[in-house]
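Let's take a friendly walk through a protein model, one piece at a time. Please have a look at the sequence and the structure before reading on.

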Amino acid sequence: MTKLTEESITAESLETRNNSCQGIETTAKLLVPLNSSAMNFARTLSSSLNGTELSFDVVLAKIAPTLFLALSTIPYLSHASYVGVDGLLFSLYKDGDQMLVVFSNTSSPLHWYTQPVNRDNGKLYGQAVSAEPVATRNATWFQQTLNSTSGYSWLGKTWSKAQDSLFLSAVAMDGRGVISLGLPATVVIEHFAALDFHDGDFHLATNDGDVIVQTKLPDTQIMVSNNTVLVQMVDPKGDPTDHVGYFSCESDDGGSKHFDGAVSGMKYTFYCSTIQIAGVQMVYVLAYPVNRLVSLVQQNSKLSFTLLGLLFVFMVVSLSLFLFLILRAAKREMFLCAALVKQMESTHQAERKSMNKSHAFARASHDVRSSLAAITGLIELCNQDINPDSVFAANLAKMNTCTKDLLGLLNSVLDTSKIEAGKMQLEVEEFNLAQLLEDVVDMFYPISIKKGIDIVLDPCDGSFAKSCYVRGDRGKLKQILCNLLSNAVKYTTEGHITVRAMVQETSFENAIIASNHNLVMECLSQLCYKNKKSLNDLVALHTAQQEPNLTEFVIEVDDTGLGIPKDKQTSVFEYYNQVTETAFGLEGSGLGLGIVQSLVRLMGGDIRIVDKEPGERGTCFNINIKLPRCKAESADTEVEFSRVHSDHPSNGFQPFGLLRAPSPKPEGSHVVLLIEGAGPSCIKDGNDLVPLPYRKINSKSPPGIILIVIDASAGTFSELCSAVCNFRKDIQNSRCKVVWLDHPTVHHTRSREPPCDHLVYEPFHGSRLYQVLGLIPELRKCNLPRLIDNNSSNDINCEGMELGMPSSHHHSSLKEIVIHKPQEKSNDKPLNGKKILIVEDNEVLRKVTTSTLCSLGAMVEICENGKEAFDQIYKVLSDQRKEGHSNSLPYDYIFMDCEMPIMNGLEATRLIRAEEQHYGIHIPIVALTAHVMPEQVSKLFHAGMDFHLIKPLQVDKLLEVIRSINDDKR
């Protein structure tokens, strides 16, 4: 095997050497002699001169352009000259990026000049510089060229300072001179440098010994003379030290000759041959190491066999390892497939369990709600038959409270399930946000008063009232506020609860920046604004520009209760999580704040806990929510209300504390506040505080009034009445108006009415505050916000109360106008004469619903399932048709339960609607069910039901549905 390798390597080495020699000869042929080009130029010049006597001007005009053309067009050419027998000389040559000329304009050989030449047009420019002359006419090449008909080629030097080698070819021109062209030796070197000699050494020289490509053999010198090559070793100084070989390159068969020699202890084979490059006879020498690769094979054969054995072992081990890994991967894949199948089965099982759980939860929710509705109904029935002051009544009240708590807990769990399932939807409607906030605060006011704490509705800068008409989900926003206020009341034992509301506004400077939508300007704005608040305002303004009606509202619920530790403030928004430090001894499920956060985020807002100052108690929840504004009822109201907030009124009165309070003016209105803690003595003995224009002795009528606001809790009833009478002694009756702040439960325990013009029930804020401020003449033109739109009878009529009119226009100066007095229940029966069909399978609920409707004056019939109801309707309609009354309704209303045996309410409704089409009638069907999920409610309406009521049946909701049905009939 080794022998075969040696033979193969020897053959390849011989082939490689032959390819190298062939490449050298091919490259030499590419560099053709320039004699032919020079002869063509000489022939052309001879014909163009046509025997003209040559002078320097003729040379410059006739010969110089031809030489420039040759230098510009022939590849690699760097030299073109004319030398005359009379001594005239004109030689163009390239020196780097420049083109120069060497010329002699006389026959004297001592006056030679050098001047730059334009590379574009061949014109001489600049100053001619004297140059060293070179004997040309007497040179050997010049004489040989004149005597030769085919020209002469040789290796010369350039005119440049570098004196580089140049391959020159010259021809005679009519015996009057010589045309010569030159090729730089660097072109020849570059051509041979591009050849691959396969680790061989290359040496190139002329037949006379001028070296073109020097050998790279270490400490070796190769000399060529008359086709004979001398190879010898030299020392660093260049002196010969050893003779390697001396042989002739001439071969009888035209091939190369070779000999062997040792250089630096290594045997080489030297190959020698002659070639012609650009017409110049050259000799090249190739040196290759003798059997270098063969010796390497022989030396490393054992190592090769060792490596081959190791490679074989490595392949066997690798193959075994590969098979092991393949089997292991296959086994693992089988296990994974089995696990995946098992996991898929578990997933399907979990999905079935989840679906079954959802259905079971829905059924359980329906059953629990039905049971709670039955308990609530039974409690109401018991309350009708017992003494309200008995212990049994108190126990029933506690039972009713517990039932409401259970119902609230069930609603919270349902809300949590809907939020987690992503089925919570927003029900968008137009509503008054300020009125909603006031209603929620009013709802919790009695509870807080019983605990000894106060709820304050703070309008802040008043911007909330002028932007109160919005579009959004009123019910969910009310649920959010109720939850926060409920927690605040629950965890606050002393102090107060403040509810603040405002509209988030941006600065004027940021509004200017935000008006520019250019991205570059936006980036520059962000770089210029280091204040984080300013950047937030900038982003808010861009959002507002995209949705111009979108308004950002900020609502805060601040209490002075137990507070929440800072490390627990993030976890309170998680489901089923309570702060044990504050919730100890208090009931709760931990769902409220989690639901609140989910609802706020569903509405595109955010909720957070605001850090309080050190030493302050309680917790402050901040809600930031964006809602689109709607057009208010009166466009002037918002404009005028904005004017009140932005400009100082002419009378100097500032109603909301938005501006700095000015000094009171004698001719304006005055407001006197008597609140808890001040005592009545400040008015009893304070008649001298009454301004002179308001006293009875003054005949001139001032433009304003004195408005007295009395808190009923400031003292005893008799003391307050006496204080009011004493204060009114020296005041004209038409100039004094008394507003009495009372609590609804206290008012009915008095033997007589308070001496006031207007009776206002607490809490005193929002619409009540604005309506009392409307009594002041200076504020009537300001169009104060009217938060209540549907109770016009309860509003104060300020237009007809011009206080400058005589008192005869009023029946009494103590005419009482009640603001927001709780409505008393009507004793009439709104369902008197109505015929109602109740379809309910639960006996208790059937009894409760029947009792409630009968108490309202209705005539009630009952059915226990949907099939009975449909059969009853079918029978009644058939009987009416026989009697000729097919167009009359058999029942005014049908209250239908949904979950019933034999036939449910949905199927019964579909059958009833189908039967109605034969008679051209439509009986109102109200779903009375415990279903509250949106998808369940939508099924009710798709089945043909008209309205949906949730168990337990509430009279106010029932009457609202009856009114809607009656309105539709009209």
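## Strands, helices and an annotation

Strand β21 (residues 550–559) and strand β23 (residues 620–628) are joined by nine bridges and run antiparallel. Within this pair, Val557 stands opposite Phe621 in β23. β23 also pairs with strand β22 (residues 606–610), in the antiparallel sense and over five bridges. Here Ile607 is opposite Ile623 of β23. Two strands pair if DSSP finds at least two bridges between them. Strands (E, at least two residues) and helices (H or I, at least four) are DSSP runs, numbered from the N terminus.

A word on the basis of all this: the model is predicted, so local features need pLDDT of at least 70 and side-chain atom pairs count only at pLDDT 80 or more, while totals for chains, interfaces and linings use all residues. Residues are numbered from 1 along each chain as its sequence is written, and side-chain values use heavy atoms, leaving out hydrogens and water.

Next comes an open sheet of five strands with antiparallel pairing, in the order β10-β9-β16-β15-β14. Which strands stand at the edges? They are β10 (211–213) and β14 (257–263); each has a single partner strand, so one side of each is left without a neighbour in the sheet. On average, neighbouring strands of this sheet are turned by 30 degrees against each other, direction ignored. Strand β9 (residues 201–206) is joined to β10 by two bridges, and the two run antiparallel. Leu204 has Val213 in β10 as its bridge partner.

The unreviewed UniProt entry annotates residues 268–287 and 307–327 as "transmembrane region". Such annotations may be inferred rather than shown by experiment.

Finally, two helices. The axes of α23 (residues 866–883) and α24 (residues 905–916) come within 9 Å and cross at roughly 15 degrees. That makes α23 roughly parallel to α24 (angles under 35 degrees count as roughly parallel, over 145 as roughly antiparallel, 65 to 115 as roughly perpendicular and the rest as oblique). Axes are lines fitted to C-alpha atoms, for helices over the stretch in contact, with angles from 0 to 180 degrees between N-to-C directions. Gly866, Phe870, Ile873, Tyr874 and Leu877 of α23 make the contact (heavy atoms within 4.5 Å) with Ala908, Leu911, Ile912 and Glu915 of α24.
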